[in-house]
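Thanks for coming, everyone. Let me put the structure up on the screen, and then I'll walk you through a few parts of it.

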Amino acid sequence: GNGRLDRFVIIGGGISGLSSAFYLLKEAKLRGRGAAITIVDPSDRIGGKINTLRRDGFVIERGPDSFLARKTPIIDLAYDLGIENELTGTNPRAKKTYILHHGKLHPMPPGLVLGVPTEIAPFAKTGLLTWGGKLRALMDFVLPASKETGDESIGDFLSRRLGTEVMERVAEPLLAGIYAGELRKLSLSATFPQFREAERKHGSLIRGMRANKRKGAAAPVSASRVPAAVKNSMFLTFKGGLATMVEALNEALSGVERRLGVKAVAFRQNDPDEHGTDSPPYEVLLSDGEILEADGIIITAPAFDAADLLEPHTNVDALRAVNYVSVANVVMAFDKSKIGIDFDGSGFVVPRSEGTTITACTWTSAKWLHSSPGNKVLLRCYVGRAGDEAVVDLPDDVLTDAVRRDIRQVMGITAEPLFTEITRLHRSMPQYPVGHLQETAKLRTKLRAEKPGVWVTGAAFDGVGLPDCIRQGKEAASGVYKSLLG
Ligand code: FAD
């Protein structure tokens with residue numbers, strides 16, 4: 001290499017920022033160049049939403065808890081970091097998911113994929129839906145595919161194909177776990193493009209999802225890549241929690257500078273005519289007054305923070321249009337001997353119409369065997385969703401009481417928890433509006449032309465899942481290099 005040193009500032013130390021840094025280093029090596037990287041985050045730790053608490057033998061996730069095994073970018077990163085043997089899957093004996101219906105837990109009919117039935121017999125038998133609702137869903141086989149090519153909401157799409165009842169009673173509570181959102185406001189193309197593909201290719205959502213399932217079973221995308229021990233799990237995490245990946249990244253990025261506890265408040269472009277060609281192309285101003293020189297900037301902050309940084313430079317309407325929902329979760333640990341329940345599933349979800357405080361409950365100790373000592377039970381209850389966010393800011397004792405009332409009514413649990421951990425995540429769940437992909441693509445194209453070397457990415461853009469964020473970090477790294485050096 002020629003030893004040329006490029007300076008990069010990464011705004012945000014979540015998984016998007018960390019993977020951007022990781023892949024910038026890889027890319028630098030490949031190109032025989034040096035990279036001087038600084039990560040800036042107002043928090044006092046890296047990891048962003050990933051936040052694992054290890055306490056009394058428990059592994060407790062305060063943020064994300066796992067990821068989809070078939071999404072390869074995170075598996076690849078695990079191998080790159082040498083932590084693939086730390087991967088672990090869900091307990092095969094806790095596959096069932098329940099749904100609260102008229103106050104009682106019903107097993108979800110087998111064969112539901114993201115709320116879409118792919119096996120007719122169990123779907124026809126379920127007590128969750130009326131006959132009218134079931135027949136309406138089966139109309140999907142005969143209803144013609146829409147000829148529109150533009151985006152629409154997931155809610156509109158699912159009601160169009162399967163009817164409102166399936167959408168509200170089954171799909172919304174299941175998918176709300178991922179977006180905490182209102183399906184009528186969420187973009188289909190930005191969330192589940194495979195639904196639209198299924199309709200287009202097979203003339204029916206059900207037929208299409210069945211074909212996808214068969215294809216998936218015949219050629220599991222990442223099966224060859226994951227260690228044999230976890231091959232059969234749909235979801236994966238690490239035995240020490242998701243923090244394992246953050247810790248490994250932290251080590252791999254030991255040569256990267258950190259500015260923790262400070263915000264990036266603005267950046268400016270230097271005009272070479274005015275400042276001379278020796279001046280850096282960009283300068284990033286931090287909240288403590290420090291100025292970082294940069295050839296490239298990768299912004300991975302949530303949309304509202306990214307919009308503040310970009311507003312002086314470009315039109316940020318596409319970012320302002322992404323609303324963020326606040327949620328909280330209440331984790332409770334118990335002695336197994338005090339709970340007379342055989343948890344034969346991974347937990348349950350709650351449709352809006354049930355009117356409980358909790359929106360879902362994961363039976364964490366049953367779903368993830370690594371999470372708890374064998375004689376203990378760990379439950380994670382979720383509160384807050386679009387249209388119901390005030391609950392997140394209830395005082396601790398009021399929130400805990402409401403959650404305990406729900407689990408008493410639904411599961412009969414009256415035991416005193418050994419401990420309770422409450423995590424509030426304000427404005428944490430991005431709601432991609434209809435047209436999101438198109439609008440953010442426009443913003444990025446414009447930014448690329450006007451501010452070469454400045455890249456904006458992260459969960460606000462092309463996918464909220466951890467694997468999607470890692471993919472976007474990788475794309476950011478190669479994108480920034482391309483715009484700097486071609
Ligand atoms: P973040 O982790 O939000 O990081 C962005 C960082 O930018 C933050 O640390 C912030 O402090 C920093 N920042 C903001 N402004 C500035 C500034 N001006 N200057 C510098 N830094 C700034 N995904 C899954 O795959 N599986 C799950 O099970 C899952 N569960 C989830 C559960 C919850 C409760 C939530 C909230 C999300 C969940 N997700 C899950 C989604 C996933 O966790 C996130 O999409 C992902 O972690 C986002 O990573 P990120 O780096 O893009 O953003």
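So, in what order do the strands of the open sheet that contains β11 lie? Before I answer, some ground rules. This is a predicted model, where local features need pLDDT of at least 70, side-chain atom pairs count only at pLDDT 80 or more, and totals for chains, interfaces and linings use all residues. Residues are numbered from 1 along each chain as its sequence is written. When I say helix or strand, I mean a DSSP run, H or I over at least four residues for helices and E over at least two for strands, numbered from the N terminus.

Okay, the order is β5-β11-β6, three strands with antiparallel pairing. Strands count as paired if DSSP finds at least two bridges between them. On the edges you've got β5, residues 67–68, and β6, residues 87–89, and each of those pairs on one side only.

Let's zoom in on β11, residues 235–238. Two bridges join it to β5: phenylalanine 67 has leucine 236 as its bridge partner, and leucine 68 stands opposite phenylalanine 235. With β6, β11 has three bridges, again antiparallel. In that pairing, glycine 89 has leucine 236 as its partner in β11.

There's another open sheet of three strands, β13-β14-β15, also with antiparallel pairing. Its edge strands are β13 (264–269) and β15 (291–294), each pairing on one side only. From one strand to the next, the twist averages 20°.

Now, the ligand. How many residues surround it? The number is 35, and the closest are Gly12, Gly14, Ser16, Gly48 and Pro64.

Axes here are lines fitted to C-alpha atoms, for helices over the stretch in contact, with angles from 0 to 180 degrees between N-to-C directions. The contact includes Ile15, Ser16 and Tyr23 of α1, and Leu466, Cys469 and Tyr481 of α16; being in contact takes C-beta atoms, placed from the backbone, within 7 Å. By class, this contact has nine nonpolar, six polar and two charged residues.

Last stop: α5, residues 154–162, and α6, residues 164–179. Their axes come within 8 Å and cross at roughly 135°, which makes this pair oblique. Among the residues making the contact are Ile154 and Leu158 of α5, and Val166 and Leu175 of α6. Here the contact has seven nonpolar, three polar and no charged residues.

Definitions and conventions
Near = placed C-beta within 6 Å. Contact = placed C-beta atoms within 7 Å. Nonpolar A, V, L, I, M, F, W, Y, C, P; charged D, E, K, R; others polar. Parallel < 35°, antiparallel > 145°, perpendicular 65-115°, else oblique.
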